[in-house]
Amino acid sequence: MEQYIIKGGAPLKGEVTISGAKNAALGILAAAVMSDDDVLIENLPDVKDINVMLEAISEIGARVDRIDRHTVRINGRTISDISVDDEFIRRIRASYYFIGALLGKYRHARVPLPGGCNIGSRPIDQHIKGFKALGAEVRIESGSVIADAEQLRAAHIYFDVVSVGATINVMMAAVMAEGQTIIENAAKEPHIVDVANFLNSMGANIKGAGTDTIRVKGVEKLHGSEYAIIPDQIEAGTFMCMAAATRGDVVIKNVIPKHLEAITAKLLEMGNEVEEYDEAVRVIGAARQRHTDIKTLPYPGFPTDMQPQMAVALSLAEGTSMVTESIFENRFKYVDELSRMGGNIKVEGNVAVVDGIEHFSGASVSSPDLRAGAALVIAALAAEGYSTVEEIGYIQRGYENFDEKIAALGGQIRLVDSEQEAKKFRLRVVG
Ligand code: EPZ
């Protein structure tokens, strides 16, 4: 089974270039099938979830030409099957975006209920509420969501919960509905804005994305487009935490600093230096982190997808920090693994009390989910001694060339798939 083997202690130094945003790309790929013309998408992150999505898009009959790792041309004209039933697609949460895209284009969709990381129950009731408000009949039958509509008409939808997925999904379903749909209490994440900009580049008429009220004026059809995906805010934040935790000095390139404001603010509170440039940030890690408190909130609040990584950096702080996870109910699964490395975190409900320690010690740990896995890698890079991180398939779902990017910064990390290879790494990196 593939795993990372890491020898900790080296401060990361140098430059890393951030890939395209996974969570924007997943919505954009689904939206791309809504046109019958060629859609060229650039700056695609080459990660597992994206490749599963592309496979599903070709399985329903669309044409998919992978120009290179980061560029794909899609044409939805030849779609013949509006039921996406594929064993791979069940594994990723973003499969639900096919409902909004196919319902919005063909007035019909049949998609398996979503899988995804085990960070919480992850219902889709708000998605369904939006589809029904637009005039669709929606039912769950043998593990799939089936949505049908004679026609889709404008609606005034108020989300009970701020939901990234529901906002993107209902926005897609509404782009060719009759009249003006208003979505209230919408999510405001950068990837919502990216999907809205992409749909507008195809001829949709969406206003207000990035605010809590989005207006969608229905159009007849969507035409082709050429579009480049925004940089990944969470990959960038992950490398910012890595620089802080290893007392490194890293320039993180191809970012939009505004998207990183909540992360930058916290790293500054913790005593790190953060310099902002037009399309880059530089993080110089403090000799010792200062404690602070974190509460995850919908954007522009502190992102839940950065909670595990920040908890690792706070574990190295002087003093005690409180980390409150207000989005998902089960996003502290990394705490047990971290305790094997000397972490000292107590979880009470949706609050983790993080008591600072001098340093982590290397250990064998296993990734419970995507961002927790990245957090454990950060801890291993900061630890004294060797660590192995297993179940790295989770990490590869959302991070492109993770080990190569870290190694290029001087991190002593190797992807190995046998004990023998792990031994060789230990011998090579003696001491
Ligand atoms: C997206 O998940 C991201 N995934 C998640 O990133 C991210 O953590 C999350 O947004 C929050 O930012 C993708 O974009 C593929 P939500 P999503 O709907 O859309 C509740 C990663 O690490 N809710 O914003 O599923 C839900 O239970 C992944 O890249 C309902 O109650 O998240 C949660 O408590 C992990 N009913 C809260 O809303 C619904 O119908 C936020 O969920 C939908 C959601």
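Tutor: A salt bridge is here a side-chain nitrogen of Lys or Arg within 4 Å of a carboxyl oxygen of Asp or Glu. The model is predicted, so local features need pLDDT of at least 70 and side-chain atom pairs count only at pLDDT 80 or more, while totals for chains, interfaces and linings use all residues. Residues are numbered from 1 along each chain as its sequence is written, and side-chain values use heavy atoms, with hydrogens and water left out.

An automatic or database domain assignment supplies the bounds: domain 1 covers 3-19 + 231-428, and domain 2 covers 22-228. Their contact (heavy atoms within 4.5 Å) takes 27 residues from domain 1 and 26 residues from domain 2. The C-alpha centres of the two domains lie 31 Å apart. Together the domains bury about 2000 Å², with 50% of it on carbon and sulfur atoms; buried area is the accessible area (1.4 Å probe) that two parts lose on being put together, summed over both. Of the area that domain 1 buries against domain 2, Tyr299, Arg397 and Glu400 supply 34%, more than any other three residues.

Two salt bridges are counted between domain 1 and domain 2. Arg397 lies in the loop between helix 12 and helix 13 (402-407), whereas Asp49 lies in helix 2 (residues 48-59), so the pair ties together parts that are 348 residues apart in sequence. Helices are DSSP runs (H or I, at least four residues), numbered from the N terminus. Arg397 counts as buried at 12% relative accessibility, and Asp49 is buried at 5%; buried means under 20% relative accessible area (1.4 Å probe, protein chains only).

On the side of domain 1 that touches domain 2, helix 12 gives the most, with three residues. By class, this side has nine nonpolar, nine polar and nine charged residues, where Ala, Val, Leu, Ile, Met, Phe, Trp, Tyr, Cys and Pro count as nonpolar, Asp, Glu, Lys and Arg as charged, and the others, Gly among them, as polar.

The structure as a whole holds 21 salt bridges. One of them joins the side chains of Glu235 and Lys405 at 2.6 Å, N to O. Glu235 is in helix 7 (residues 233-245) and Lys405 in helix 13, so this pair ties together parts that are 170 residues apart in sequence. Both Glu235 and Lys405 are buried.

Definitions and conventions:
Helix = DSSP H or I, 4+ residues; strand = E, 2+ residues; numbered from the N terminus. Buried < 20%, exposed > 50% of the residue type's maximum accessible area, 1.4 Å probe, protein only.
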